[in-house]
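Thanks for coming, everyone. I'll keep this brief. Have a look at the structure first, then we'll go through it.

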Amino acid sequence: MVDTKPLLPASNSDGSYLTGSRVNILKPIKVYLTIFCGLLAIGLFAALLIGNYWSDNARIHGSLATSTSKRTHPLRPVSRGPAQGVSEKTSGIWAGVSRGPTQGVSEKTNRVRAGVPWNILPEPWNSTMLEWQRTAFHFQPEKNWMNDPNGPLFYNGWYHFFYQYNPNGAVWGDIVWGHAVSKDLINWFHLPLAMVADQWYDKNGVWTGSATILPDGKIVMLYTGSTTEAVQVQNLAFPANHSDPFLIDWVKYHGNPVLVPPPGIYKKDFRDPTTAWLTSEGKWRITIGSKRDKTGISLVYDTKDFINYEMLEGELHAVSGTGMWECVDFFPVSKTEEKGLDTSINGPEVKHVVKVSLDDDRHDYYALGTYHEKNGSWIPDLPEIDVGIGIRYDYGIFYASKTFYDQNKNRRVLWGWIGEGDSEAADMEKGWASLQSIPRTILFDNNTGTNLLQWPVEEIESLRLNSTEFEKVEVKAGSVVPLDVGPGSQLDIIAEFEMDKEALKKATGSNITFSCQTGGGAAKSGALGPFGILVLADESLSEQTPVYFYIAKDSDGDLKTFFCTDLSRSSKAPDVDKQIFGSYVPVLKDENLSLRVLVDHSIVESFAQGGRTVITSRIYPTEAIDGASRVFLFNNATETCVIASVKIWQMDSAFIRPYSDDDDKDDDDRKSSAPCLLLCPINYIVSCVTCLYFIYLVSKLS
Ligand code: DQQ
């Protein structure tokens, strides 16, 4: 007879499962147990993997799910305070302290604008306008003043960002180190202050510094302290607990300061130590900005232990007439590969970059050149565009920048402080001032051989939402074309412009003396420009910020391209900067003109030709805000039509908020994640052994 239920054990007529032998009963049980144990083992292994992944990502992504936009989170300060053993001023009242020459740094330049005193906010500002200015995906603290980026680094799965911060107000003063961490350089957790001004050697301010990661993975931080006597000295600090991925607590070396101004250097002209790099002798080398008379210089020191230093004769470099060099940066770039290099890399395949922040004009200049390790000097490739007199990182507002080597993605990343172009009165009304650029990758431009390329880190693209494409739009001479993309306050725009080749050949009206600043802005027509894009414009164009190209032609028929941003019609308000920014941009034969613009409320960051020339502007419209801001193409040239192809993404808001009570559970995950990495495999092995022992016992039954 055919068994109709072959997978069930045979039953007796009385319904019991007694059969002729025990083996017949136990065999299927063993099969089930084996399958069960196998599945259990696989499940445990999967749980281990998922658990580790989750513990690493839950804090950011879990919280992201509950975070909508920056505006839905009341901005709460996170403070360490006396309870945590550090002295911190708790008063939120602005003490009226402002940046000043007596402190060795320049005053904010726009304290008096258009005859309006710095502490009076004129018409037409209202809270809607001022609130709109806060950005959605640029890093900024919850409130108060921020300036230079400090000690950026990647450690134990987290990007760390420290910054010059005034916990007491929206103007420079009482400077300490703010601290935030991120998994992706875009979404951030604010952490407690990393270092406060609690020692005689930094009582007047915990000023700018840099991180060095030692070969054993440990971190040392060198920073400038302004002493009780306002002398600028260099100090050493390190994480209290290297096993804390958040690096919350910092310890200052008990023997600080480790460096004081050398003979011949004024006590207030000795600041901002760089990341250290290794010499072939195995010593660490750093450079520190200074000046002698009006000559900007960079002093060089060797050290074996970051405690004792030997000053080298001569300087890394010096350029007369450039004044005090702040925030010097020194790093190699690869001539052969599209990747970043650790600061210690040297050899024939690299060029070295020197960047200085000129205190006299508050701009960041760089130059490419050759580093001579033996005497610790650097020679520019082109003396006519030496550092401080040639190329700038950015032709808008961008200062005190600093790079770091991101060993996570083999890239060099640039951070820069973006100040305000409005009045101090407005800053105080808003309760905050300044933000940081979107971090930019830095590469040597192999195609030109004369400049760097800066480009927003790829992670910013994770904020891209819906996009709209406009293919080959004809923009006739003298026309404006609206681009219907909805609200224009948070955008990522890429555009390419094809020129009419015949027009380029035929064009008259040469203008080789053109400069963005003197060229009359976007409203002044030339034969071959200006043309480009209008952002933060209202429907009637009563407010607009043109980002544009202008092509000048010399009497020999050679073309020279400029990339500019014109702020003169950016706002109806009387008390904001309305400069015209920009400079020359190298364009190689057969290249179309291309630009990328990141619009984030009051900031417009613009990149031409893949990042050869960059302009960052702060824009404070009164009409073109929220849903009223629009995007247009425009062409104010008289002798050429341009064909524009544009793609525009709406951008989401980044997740930037304090690491607070809500994250405690995740904090527990963080604390337990290290032991879990150890314990989970042990759990897995114990479970497997138990299963096997159980199978063994069952088989014994047979
Ligand atoms: N900012 C710091 C100085 C640095 C200046 C003080 C550059 O260390 O020279 O806040 O903005």
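**One buried serine, then the ligand**

Start with Ser617. Ser617 is buried: its relative accessible area is 0%. Buried here means under 20%, so Ser617 qualifies. Keep in mind that this is a predicted model.

Where does Ser617 sit? Ser617 belongs to strand S34, residues 613-618. Which residues does Ser617 touch, leaving aside those up to four places away in sequence? The list is Thr565, Leu567, Phe581, Ser602, Ile603 and Val604.

Now the ligand. There are 15 residues around the ligand. Asp148, Gln164, Arg271, Asp272 and Glu326 come nearest.

Let's take the polar side-chain atoms. Gln164 places one 2.6 Å from an oxygen atom of the ligand. Glu326 has one 3.0 Å from an oxygen atom of the ligand.

What is the shell around the ligand made of, by class? Six residues are nonpolar, three are polar and six are charged.

Which strands each supply at least two residues of that shell?

- strand S1, 144-155
- strand S5, 206-213
- strand S14, 325-334
- strand S19, 399-406

Terms used: Residues numbered from 1 in each chain as written. Predicted model: local features only at pLDDT ≥ 70, side-chain atom pairs only at ≥ 80, totals over all residues. Heavy atoms only, no water. Near = heavy atom within 4 Å. Polar contact = N/O pair within 3.5 Å; in protein donor to acceptor, adjacent residues only side chain to side chain. Helix = DSSP H or I, 4+ residues; strand = E, 2+ residues; numbered from the N terminus. Nonpolar A, V, L, I, M, F, W, Y, C, P; charged D, E, K, R; others polar. Buried < 20%, exposed > 50% of the residue type's maximum accessible area, 1.4 Å probe, protein only. Contact = heavy atoms within 4.5 Å.
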